[in-house]
Amino acid sequence: MSSLVRLRLLPSAQCLYNQPVRVLVDGLRSSQVVTVKARATDDKGVPFHASAVYRADAGGGVDLGREPSLGGSYTGVEPMGLLWSLRADALHTKFHKTDSRRPHVVRFSVHDGEAGAGPLLAEATNERRLLADGVERQPIKEGNIRGVLFVPPGDGPFPAVLDLYTFGGGLSERRAALLANCGLMVLTLALYGHDDQPKKVTKLHLDYFEEAIQLLGKHPKAMDSGVGIISISKSGDLALSIATHLPNVKATAWINGCCSNVAIPLYYRGSQIHSALMYDSKHNTVTKSGALNIKHGLHDPLAPENEGSLIPIERATGHFLFVAAEDDLNWDSCLFADQMTERLRRQGKDNFEKVVYPGAGHYLEPPFGPYCPSSFHGVVGAPVAWGGEPKAHAKAEMHLWNKIQEFFRTHLFPEAGAAKARL
C-alpha cells in the first residue's frame, strides 16, 4: 500500500445509513487510472462488492462526487454509486440488513489500473449506522404483538407510525430505525417466522394490527394525533385495509402495492372481510437471468368475481401517499395506483397524492442500499425480477425518503407543532 495515496471519507467515516458520504482519493499521479472498490457483508454473511474506474485529475486527485466512472459497476458521475451498485456473486440475492444494532460496514479500497487487480494503494472503512444516538430500541412481546419499537430521544410526544415490512418472514428493523432517527416513534411488526410465531400463515387477521395500534397509542411518549402506516408490496394492501376498517389512521404510505387484498384472505373479529386476489402463472415470462417476470400474473382486481378482495378505501378518513414504480415487475403498481386515485375521485375525495418513479423497480427502500434486480419470492416459490434500472432506482429512493418524511410531517404533527418537527 502506497504511503503517498490517501482515501478519505467526508464528513466522517461514521454516519447514518441513509446519509451520503464523499469519497476522495489524493496523492495519485496526474491522469493515473485507478479502480475504487467497495465490499460489504450483509446480516446473512453474504459478501457484496462493487467497483468503478477513475482517472485522476491534473493534481492527482479523484472525487467520486465530481469525476465520472469510466467503467466497472456503473459509469458516469454517481457520488454514491459504489453503495447502490453493491452486488453478490450469486444471482437472485437480496441484501439483508434487518438488525438495527449492526451497522452496514463498507470497506473502500483503491487499486492501481483499471482491471482492479493492481497493487492496493489505499483503503478506508465506512460504518453506516441504522440507529442515531439516543434512539431507543425496545423489543416488543406483549399480547399477540411481536416486533421492535423505536423511540426518538427526548420527552416527546412523538408521532406514532406502524411499519408493515411484514412479508418474507421474520422481522426487518432497517426502515423503522431510520424513521425513528427522524423524530417518529415507529413500531415494526413481525407477522410470521419470528420468535414464537408460526413459520407460515394461511389467514391474516386485522385484529393483530388493531392490537398494534392500541399498543402504540398507550405509549406515554406517543402523540395523540393519530397513527401513520408505511408499507411496501403485499403489506400495501394490509395498510389500505387498516386505514379503511380501523379508526384513527391519519396517514398511510403505500409503496408498490395492490388495491385489493392479495394472496391470503383477511379476517376481522372472526369473520372474513376480504377474499384473496390470486396469481395465475400462465402469464409469467422468464427473464435473461432466469428470474420470472410476474408483472401481469395477478388477476384483475376490478373483475366482478374479485369484488370481495377489493378494499373500499373511500371509507378511510386519513390521507394516502400512493407511490408507484413504472418498471415494477412484481405487479402493475402504476395501474393499481391509478385505479385507487380514480376510485377516490369518483367519490369526491381529495385525501391523496400520487408519486410515480420512471425507471424504478419494485423494492423501493431507504436510500444508499444495494439495488436488488431479482430474488426469491415466497408466494411464487421461485426467483422473480423486481425491475428497475439501477441509477434511476437509486435516484427514486433518495427522493422518496424525503417525500415520506414530508408526508408524515404534514399529516401526523398537529398544526401547532409542525414548526417544531425534527423531520
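**Sheet and salt bridges**

Tutor: Residues 205-412 have end C-alpha atoms 26 Å apart, and the span is 30% helix and 24% strand; helices (H or I, at least four residues) and strands (E, at least two) are DSSP runs numbered from the N terminus. This is a predicted model, in which local features need pLDDT of at least 70 and side-chain atom pairs count only at pLDDT 80 or more, while totals for chains, interfaces and linings use all residues. Residues are numbered from 1 along each chain as its sequence is written, and side-chain values use heavy atoms, with hydrogens and water left out.

Student: Which strands stand at the edges of the open sheet of eight strands?
Tutor: The order is β11-β12-β14-β13-β16-β17-β22-β23, with mixed pairing; two strands pair if DSSP finds at least two bridges between them. Each edge strand has a single partner, so one side of each is left without a neighbour in the sheet. The edge strands are β11 (136-142) and β23 (352-357).

Student: What is the bridge partner of L162 in β14?
Tutor: Strand β13 (residues 158-164) runs parallel to β14 (residues 185-189), and four bridges join them. Within β14, the partner of L162 is L187.

Student: At about what angle to β22 does helix α5 run?
Tutor: Helix α5 (residues 333-346) lies across β17 (249-255), β22 (319-325) and β23. Axes are lines fitted to C-alpha atoms, for helices over the stretch in contact (heavy atoms within 4.5 Å), and angles run from 0 to 180 degrees between N-to-C directions. The angle to β22 is about 150°.

Student: How many residues apart in sequence are the parts tied together by R174 and E365?
Tutor: The closest N and O atoms of this salt bridge are 3.4 Å apart. R174 is buried at 6%, and E365 is buried at 11%. R174 lies in helix α2 and E365 in the loop between β23 and β24 (374-377), so the separation is 191 residues.

How values were computed. A salt bridge is a side-chain nitrogen of Lys or Arg within 4 Å of a carboxyl oxygen of Asp or Glu. Buried means under 20% relative accessible area, exposed over 50%, partly exposed in between (1.4 Å probe, protein chains only).
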